[in-house]
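Please examine the sequence and the model shown below. The paragraphs that follow lead through selected features of the fold, the chain interface and the charged pairs.

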Amino acid sequence: MKGRSVTTESGTVVDHIPCWQAPALLEVLKLKELAPRTILLLGQTSKTLRAKDLVVFQGWGPTLLDEQKIALLAPGATINRLENGEIVKKYAPRLPELVEQLVVCTNSRCITNAEDVPHRARTDEKKPSSLQCYYCDHKFSALEAKFL
Amino acid sequence: MSALPSTTLSVEHLVSILDLSMDDIDLLLRRAQNQSSEMTLQGRQIALLFYENSTRTFNSFKTAIHQLGGITCGFSGVGGTSVLKGESLHDTVKMFEEYADAIVLRHPNDGAPRWASEISSVPVINAGDGQNQHPTQTLLDLLAIKDTQGRLSGLKVAMVGDLKHGRTVRSLSHALAMYPNNELYFVSPPSLRFPRHVVETLREQEVEVMETERLEDVIKEVDILYVTRIQKERMESPGEYEEVKGSYQITTSNLLHVKPHMKILHPLPRVDEIATEVDRTQHAYYFQQARGGIQIRKALLELLLGVPRK
């Protein structure tokens, strides 16, 4: 059955995603081209959350930017890296103080939306989905932002 | 033993009032209050890049530079410039840094001066960016407050009018939040209140903040009444302006029971929010406030360019 069951392959399990947030996360991870085999479990019971989502990706591991996307859109999520069906690494994705070329500032008057200027935003350790544009200081939520 | 006051700024550019420390502000105000007639900018050229028209800010920078013996280049309004041909801010800044010792930038897009400061090899001064910041206006506001009240802490300050679109009130609130025991009263129609995140940030800094629609709730209490114009040009529709125009008009009858030392400030231009009869009262200080714009901009240029006085 090797190759048929995702849990026996190498890949990644993103666990403890806030309930029904996984579809938005999948959209932002932009995996359509790679199209890894994926299992999406929505509204699962959880010991720590009232309900959670869980996504299993076969043969795919997140880049640093993907980890930042997970940290912003799914605060509290954990990443489990699998090799031959075994969890070899389990960790919570972390955000740097400044995220670069990841999200577009939601302020339509911002210079980053008018000219060819890099997209940079400050993160907030206390509010994981909150961002502040490095250029115009506009505060916005990653949940309402467009990802690059 | 107290530390000696600093003689240099901690920043290379002035983009946001939040970039300055209290020591920086103290140094700038002291320098502005102690003007000299030295030609400290002799042989220096300053680029004034004003993508939006401006009367006071443009001319006070120009006057400040000329009084210090410097010369200016640049534009006020983009008519007749390469901007209309599609030249980017990046290229305009890179070109003018070759001509000038410093760049003074006013731009309609929020954050443009921060971007300019990243790419420029000469100091950049924000002369107003969109609805974001106007730090030199804030410095002259602080100078007016210091001159009239003798301090920048323990004050009750009301800001009245268009708080949603006004960059001057936003910058001034952040500046006053640096000093202890200031209480801020925000007086505006509901549709022109400060963006929520501005108020939240101030409260996180433990500043006493009160929002109200009624000027009469606060006018007797305050030391400073900072009045702003309703910014018609930044409204999303003509109907939005019609709903709020003339919301507040300060007349002499409003001033009957205010504190004797209370001063009215305004970033100007005014439309109808302060009746001209108020100009003749002891409370009017907006024209003297504007004069401070030249003093503070001279101090800022000297300190950012590191030119010594004898």
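Glu206(B), with a positive phi near 60°, follows helix 7 of chain B. Helices (H or I, at least four residues) and strands (E, at least two) are DSSP runs numbered from the N terminus. This is a predicted model, in which local features need pLDDT of at least 70 and side-chain atom pairs count only at pLDDT 80 or more, whereas totals for chains, interfaces and linings use all residues. Residues are numbered from 1 along each chain as its sequence is written, chains are lettered from A and ligands numbered from 1 in the order in which they are written, and side-chain values use heavy atoms, with hydrogens and water left out.

Helix 7 of chain B spans residues 196–204, and its buried residues are His197(B), Val198(B), Val199(B), Thr201(B) and Leu202(B). Buried means under 20% relative accessible area, exposed over 50%, and partly exposed in between (1.4 Å probe, protein chains only). These buried residues pack against strand 10 (139–141) of chain A, and against helix 6 (167–177), strand 6 (183–187) and strand 7 (208–212) of chain B. Contact here denotes heavy atoms within 4.5 Å.

The largest nonpolar core has 59 residues, of which Leu28(B), Met159(B) and Phe186(B) touch the most other members. Such a core is a set of buried Ala, Val, Leu, Ile, Met, Phe, Trp, Tyr and Cys residues joined through side-chain atoms within 4.5 Å. Helix 9 (residues 286–305) of chain B gives the most to this core, with 7 residues.

Charged pairs also link parts of chain B. A salt bridge is a side-chain nitrogen of Lys or Arg within 4 Å of a carboxyl oxygen of Asp or Glu. Arg31(B) and Glu302(B) form one, with their closest N and O atoms 2.8 Å apart. This pair joins helix 1 (residues 22–33) to helix 9 of chain B, across 271 residues. Arg31(B) is buried at a relative accessible area of 16%, and Glu302(B) is buried at 1%.

Between the chains, 17 residues of chain A are in contact with 16 residues of chain B. Chain A and chain B bury about 1400 Å² between them, 43% of it on carbon and sulfur atoms; buried area is the accessible area (1.4 Å probe) that two parts lose on being put together, summed over both. The two chains share 3 salt bridges. Arg109(A) and Asp110(B) meet through their side chains in a salt bridge (3.2 Å, N to O).
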